[in-house]
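Have a look at the model first, then read on.

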Amino acid sequence: MGLSFCQNRSGIRRDVDASTAPEDVFMRWLLSRPQGSDIAEAARREVARLESPASRHEGARRLHELFRALIEAERPVRA
């Protein structure tokens, strides 16, 4: 697939390109989170990044949906 491997300034490993499925990107991101990290907060940062005008690509929109679903799933259940 010709994927390159690098790490961005936030420490997220990026070994994907534009042809990588958003679900694969999401799973790689999720599995790269350090144990004990606040996944919902990290997902909120990704959502904010994906809401920028530069992220209008179909794959970016799907990734945005996945991160929003994760945030919802991480919310505490109220009794």
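Which residue forms a salt bridge with E46? That would be R49, with the closest N and O atoms 2.6 Å apart. By salt bridge we mean a side-chain nitrogen of Lys or Arg within 4 Å of a carboxyl oxygen of Asp or Glu. Before going further, note that this is a predicted model, where local features need pLDDT of at least 70, side-chain atom pairs count only at pLDDT 80 or more, and totals for chains, interfaces and linings use all residues. Residues are numbered from 1 along each chain as its sequence is written, and side-chain values use heavy atoms, leaving out hydrogens and water.

Back to our pair: E46 and R49 both sit in helix α2 (residues 39-50), three residues apart, or about one turn of the helix. (Helices are DSSP runs of H or I, at least four residues, numbered from the N terminus.) E46 is buried at 7% relative accessibility, while R49 is partly exposed at 40%. Here buried means under 20% relative accessible area, exposed means over 50%, and partly exposed is in between, using a 1.4 Å probe and protein chains only.

The structure holds six salt bridges, so let's visit another one. R62 pairs with E23, their closest N and O atoms being 2.9 Å apart. R62 lies in helix α3 (residues 58-74) and E23 in helix α1 (residues 22-31), so this pair ties together parts that are 39 residues apart in sequence. Both are partly exposed, R62 at 31% and E23 at 34%.

R62 also meets E65 in a salt bridge, at 3.2 Å from N to O. Through shared partners, salt bridges join E23, R62 and E65 into one network.

Conventions. Helix = DSSP H or I, 4+ residues; strand = E, 2+ residues; numbered from the N terminus.
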